[in-house]
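Open the model in a viewer and keep the selection panel at hand. The stops below say what to select and what is there.

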Amino acid sequence: MLRTARLAIGAFALAVVLTVTAVPAPVQAAVWSSSDRWGTWSSGGYTLYNNIWGSGYGPQTIWANSPSNWGVWANHPNTGGIKAYPNATRYIGRRVSALGNVTSSFNVTVPTSGSGIAYTTAYDIWTTDHAHEIMLWMNKYGPVGPLGSFQVRASVGGHTWDIYRGSNGSNQVYSFIRTSNTNSGTVDVRGIATWIRDRGWFGDVTIGDVQLGYEITSSAGGRDFVTNSFSVSG
C-alpha cells in the first residue's frame, strides 16, 4: 500500500515536471505575459498591446522580456478577417516638419511555411487625430492584401514599396507594401511621412504612435511570432 502511494506520488511529480518543461521558453522566462484580449504593459517609454480586436478569434498570449524583446503565440482559425494586431508602441508627438531623424529598426522571427497562416509583420503609424494611418508591410504570408487602390511603386524610407491609398470609413490609410519580404531592417519614418506630405495626401500633421506588430488573420494550430529587437529613435 505504501509502495503504491509512493509510485503514484512519483508519477504525479514527473507529470508536473513534464508540464512545466513543455511551456515555451520565451513565455516561461518572460517578465510579463497576458492572454487577455486587451492586455497591456508599459516599460521604458514603450507600451505593448495584445490587441485581439477582430471577430472569430482564437486564443493568443503575448509575452515580453523587454519592450524590444517580445512575442506572441496565437491560434486563430483559418477564416477571413483580421483577428488581432499585437504590437509595441512608442509615441512621438511631433509635426512632420519637426520630426527630426526619426527611424525605427526591427528584427523578427515569424512562421514562413505551412497551411493556415495569413498575416503581415507591419508598422502602423498614426497621426494624433487618428485621421491618417500609415502601414508599412515588411513581410506578408497567405491570402492578405492592402486596403484601397494602387498608386505607385517608389523607393522611400530605405525600402522599395508598392503603395496603396484608401479609406476604411474612419480614416485615410496609406499602405506601403514592401516588394520583397524581410524580417529585419531600418525604416526612415520622417522620410515616409515627408513623402506623403509632399504628395499632398496630408498636411503638416502631427505623428503620434509608431507601432510594430503582427496583423494576424489566421494562425491555425498555434504559431509563434517573435520580436528579437525593436526600437524607435530620434
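**Whole chain**

Start with everything shown and coloured by pLDDT; this is a predicted model. The protein chain has an average pLDDT of 90, and 88% of the residues reach at least 70. Select residues 1–25 next: pLDDT stays under 50 there, and the model gives this stretch two contacts beyond four places in sequence. Hide the stretch if it is in the way.

Switch to a cartoon. The secondary structure of the protein chain consists of three helices and 15 strands. Of its 234 residues, 46% are buried. Among contacts with a separation of 6 or more, 66% are between residues 24 or more positions apart.

**The sheet**

Select the strands of the open sheet, nine in number, and follow the order β2-β3-β6-β14-β8-β9-β12-β11-β10. The pairing in this sheet is mixed. At its edges are β2 (40–43) and β10 (149–156), each of which pairs on one side only. From one strand to the next, the twist averages 25°.

Strand β3 (residues 46–49) runs antiparallel to β2, and four bridges join the two. To see one of these, select W41 and its bridge partner in β3, L48.

Move on to β14 (206–219). Which strands pair with β14? One is β6 (residues 87–95), antiparallel to β14 and joined to it over seven bridges. N87 has G213 in β14 as its bridge partner. The other is β8, which also runs antiparallel to β14, with 10 bridges between them. Here T120 has E215 in β14 as its bridge partner. Colour β14 by accessibility: 13 of its 14 residues are buried, so the strand is largely enclosed by the rest of the structure.

**The helix across the sheet**

**The core**

Now show side chains. The largest nonpolar core has 48 residues, and those touching the most other members are Y123, I134, L136, F176, I196 and I207. Centre the view on I134. Which residues does I134 touch, leaving out those up to four places away in sequence? They are Y123, D124, I125, Y174, F176, I192, I196 and F202. A separate second core has five residues, among them A122, M135, V173 and I177.

**Aromatic pairs**

Display the Phe, Tyr and Trp rings. The whole structure contains 14 aromatic pairs. Select F106 and Y123: the ring centres are 5.9 Å apart and the planes meet at 85°, so this pair is edge-to-face. F106 belongs to strand β7 (residues 103–109) and Y123 to strand β8, 17 residues apart, and the pair links these distant parts of the chain. F106 and Y123 are both buried.

Next, select Y119 and F225. Their ring centres are 5.0 Å apart with the planes at 85°, so this pair is edge-to-face. Y119 is in strand β8 and F225 in strand β15 (residues 223–233), so the pair ties together parts 106 residues apart in sequence.

For a group of rings, select W161, Y174, F176, W195, W201 and F202, which ring pairs link into a cluster.

**A loop residue**

Finish at Y57, in the loop between β3 and β4 (60–66). Y57 has a relative accessibility of 36% and counts as partly exposed. Which residues is Y57 in contact with, apart from its neighbours within four places in sequence? The contacts are R37, I52, H76, P77 and K83. For a distance check, pick the C-alpha atoms of Y57 and I82: they are separated by 8.6 Å, with the two residues 25 apart along the chain.

Terms used. Residues numbered from 1 in each chain as written. Predicted model: local features only at pLDDT ≥ 70, side-chain atom pairs only at ≥ 80, totals over all residues. Heavy atoms only, no water. Core = buried A, V, L, I, M, F, W, Y, C linked by side-chain atoms within 4.5 Å. Buried < 20%, exposed > 50% of the residue type's maximum accessible area, 1.4 Å probe, protein only. Contact = heavy atoms within 4.5 Å. Pairing = 2+ DSSP bridges. Axes fitted to C-alpha atoms, helices over the stretch in contact; angles between N-to-C directions. pLDDT = per-residue confidence, 0-100. Phe/Tyr/Trp six-rings, centres within 6.5 Å; stacked < 30°, edge-to-face > 60°.
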